Amino acid sequence: MTELVTNIFFLLLSVVVGGVLVVFLEKKNQATFIKLSLAFSGGFLLAIAFIHFLPELYEEQHTSIGIWVLVGFLVQLFLEYFSGGIEHGHIHAHANKKIPYGMLISLSIHSFIEGIPLANTELHGHGEEHLIGQHEHSLLLGIILHQLPVAIALMTLLRQSLIKPSTSWILLIGFGLMTPLGLIFGKLIPMDSSIPFMDILLALVVGMFLHISTTIIFETNENHRFNLAKLTAILLGVGLSMGLI
């Protein structure tokens, strides 16, 4: 129970910190900070997908798990049709005081899904720890590192849309609650089922991570070259994942 509360606290904290940073960075170059923090998280997400999760998913479930990774990739592609790509720093604000429901629902679905595999920290099969339990901290850290810049981008968009500050905070906290709700929902999924629900859900999340991280990494500037600061941020994210092996 203590671990559950701690995980929920840090998941919520990352979103709240993102909102607070918007207030302090409002008159500064937020776009640069968002892009560099996204680049860092993109490098981390891509690395943990390849180094931690994909090898062990294939080891446990063989080639059939690739279908679910692909489904997760396509699900994220579909969700970004409604979110406008805010997951990788695209902010398209309009000063019309309208709440972007489509974007918020899309972000909420994404956050809910990625929170579910965090619930699986139990022992699984033959006395060995389940692969999600083995790398729970890298999954949790990956979600937190990505939630922070997304929260900054979301709060920036809400403020630029001239939505009332109180409403903006309510919407941001609502978004922040979705991953913890996914975690709590995951606790209700039976672990002794013949269907590997958690491995399938993790594969979906990995596919979503792959879409987000590759989009972040391969987005280029006007001259179609990587910015040195962005490249450095990506490599630092990869380096952090290597330290978690």
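Predicted model: local features only at pLDDT ≥ 70, side-chain atom pairs only at ≥ 80, totals over all residues.

The crossing of α3 and α9 is right-handed. Residues are numbered from 1 along each chain as its sequence is written, and side-chain values use heavy atoms, with hydrogens and water left out.

Back to the pair. The axes of α3 (residues 65-83) and α9 (residues 197-218) come within 7 Å and cross at roughly 50°. Axes here are lines fitted to C-alpha atoms, for helices over the stretch in contact, with angles from 0 to 180 degrees between N-to-C directions. α3 and α9 are therefore oblique to each other; under 35 degrees counts as roughly parallel, over 145 as roughly antiparallel, 65 to 115 as roughly perpendicular, and the rest as oblique.

Ile 65 sits in helix α3. Is Ile 65 buried or exposed? With a relative accessible area of 2%, Ile 65 is buried. The cut-offs are under 20% for buried, over 50% for exposed, and partly exposed in between, using a 1.4 Å probe and protein chains only. Ile 65 lies 138 residues from Ala 203 in sequence, yet their C-alpha atoms are 6.8 Å apart in space.

A second pair is α4 (residues 101-115) and α8 (residues 178-186), whose axes come within 6 Å and cross at roughly 40°. α4 and α8 are therefore also oblique to each other, and the crossing is right-handed.

Now the whole chain. How many helices and strands does the chain have? There are 10 helices and 0 strands, where helices (H or I, at least four residues) and strands (E, at least two) are DSSP runs numbered from the N terminus. Of the 245 residues, 49% are buried.

Phe 9 belongs to helix α1 (residues 2-25). Phe 9 counts as partly exposed because its relative accessibility is 49%.

Last, the loop between α6 (136-160) and α7 (165-176), where Leu 162 is found. Most residues other than glycine have a negative phi. Leu 162 has a positive phi, near 65°. Leu 162 is partly exposed, at 46% relative accessibility.

That is the end of my part.

Definitions and conventions. Left-handed = near helix turned anticlockwise from the far one by under 90°.
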